Amino acid sequence: MSTPHRRRRRVAPLSLTVAAAALAAGCTGGPQGTAAPATASPGFPASSASPVSPVAGDTGDPSTWTLPLQAYQPTERQAAAIAAAEGTLVQRCMRSFGKEWRPAPGLPRVGPRNMMDWRYGIHDEALSSRRGYQPDAAEQARYDSAVRTQSRRPAPSPDEEVLLGGSDLPASAREQAGPEVRGGSFNGRKIPSGGCFGQARTTLGSQSRGVSPLVERLNFASYEASLSDPAVTEVFGLWSTCMREKGYSYAAPMDADADPRFRPDPRRRVSEREIATAVADISCRRRHRVAEIWHGVEVRVQDGYARENATRLAADRRTLDTVIRNSTDINGRS
């Protein structure tokens with residue numbers, strides 16, 4: 001599930017090759033990506049009259065918390081297994097056309113441990129006392145190195161791009177291929193309509209690796225809805241007052257994180273001002289239980305969404321279960 005919380009991470013710009021592969025794979029963004037907003041806001045009224053749900057997990061560690069809609073999504077382990085199965089199927093498909101292809105290795109984790117870790121902002125005082133709002137330096141270095149390594153991978157030829165993505169690619173990418181491939185064939189064999197990735201997704205049973213677009217939209221919508229809930233706006237006000245007493249002027253926790261003075265810059269060290277701000281931020285969050293209250297509100301909002309969309313969510317869960325079973329079978333045989 002994508003996390004709407006605004007984090008600023010250095011990433012290398014996507015090449016056409018990587019972008020095409022991501023499109024073909026049906027990627028929805030990394031742990032800190034932002035999902036597309038719902039076209040219509042699901043109707044669940046925000047009200048501070050409803051009790052705030054208690055945190056299920058370690059109150060000091062948001063990475064152990066959960067949201068109701070996670071029941072309709074693959075776990076990180078399941079998502080990795082699905083991706084591996086998809087890679088196996090794509091590799092077989094490409095070989096059937098006489099082409100060798102291997103999926104790019106996954107990038108190492110940087111920053112949040114999972115989708116919940118930084119959803120409501122920073123909370124690790126030990127890390128922030130060294131890095132402010134930035135990820136651990138060693139993690140960032142490993143991530144940047146892996147991105148550089150991936151950028152040096154040989155780029156597929158225009159024909160191979162179409163073999164991978166088929167009709168799911170932009171017309172401009174398909175137009176660069178040779179005459180036979182533009183006509184829908186390669187070496188006399190018909191290219192699957194969605195390329196080898198499309199064929200793999202069909203075999204798995206989902207065009208999105210089992211990730212529900214509805215859940216993605218509702219996940220974004222619940223975060224946005226929580227921001228206007230009276231309980232959240234009240235605790236944001238308490239946090240803001242606490243920060244002002246410490247010499248910092250921010251209306252809401254996200255504003256401190258998004259301060260342009262704290263943008264990542266590999267040419268300089270994290271400033272003492274950023275570190276002091278982040279430590280004060282965490283102190284004020286803890287004093288007023290900002291994350292716990294905010295999370296409790298979002299749990300309530302998502303519970304409402306789950307009730308309103310029960311039939312569609314159940315269908316999406318059945319699709320995901322099918323994808324998981326198919327992936328397990330493919331990985332077992334490979």
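Student: What is the torsion about the S-S bond of Cys93 and Cys196, and is the disulfide left-handed or right-handed?
Tutor: The torsion is about -70°, so the disulfide is left-handed. Cys93 lies in helix 2 (residues 76-96) and Cys196 in helix 8, so the pair ties together parts 103 residues apart in sequence. Helices here are DSSP runs of H or I with at least four residues, numbered from the N terminus.

Student: Before more numbers, what are the ground rules?
Tutor: This is a predicted model, where local features need pLDDT of at least 70, side-chain atom pairs count only at pLDDT 80 or more, and totals for chains, interfaces and linings use all residues. Residues are numbered from 1 along each chain as its sequence is written, and side-chain values use heavy atoms, with hydrogens and water left out.

Student: How many disulfides does the structure hold?
Tutor: Two, a disulfide being a pair of cysteine sulfur atoms within 2.5 Å. Cys242 and Cys284 also form one, with their sulfur atoms 2.1 Å apart. Cys242 is in helix 10 (residues 230-245) and Cys284 in helix 12 (residues 272-288), so this pair ties together parts 42 residues apart in sequence.

Student: Are Cys242 and Cys284 buried or exposed?
Tutor: Both are buried, meaning under 20% relative accessible area with a 1.4 Å probe, protein chains only.

Student: New topic. Where is Ser212?
Tutor: Ser212 sits in the loop between helix 8 (195-204) and helix 9 (213-227). Ser212 is buried, at a relative accessible area of 4%. A polar atom of the Ser212 side chain lies 3.0 Å from the backbone nitrogen of Val215.

Technical notes. Helices (H or I, at least four residues) and strands (E, at least two) are DSSP runs, numbered from the N terminus. Buried means under 20% relative accessible area, exposed over 50%, partly exposed in between (1.4 Å probe, protein chains only). A polar contact is a pair of N or O atoms within 3.5 Å; within protein, one must be able to donate a hydrogen and the other to accept it, and residues adjacent in sequence count only if both atoms are side-chain atoms.
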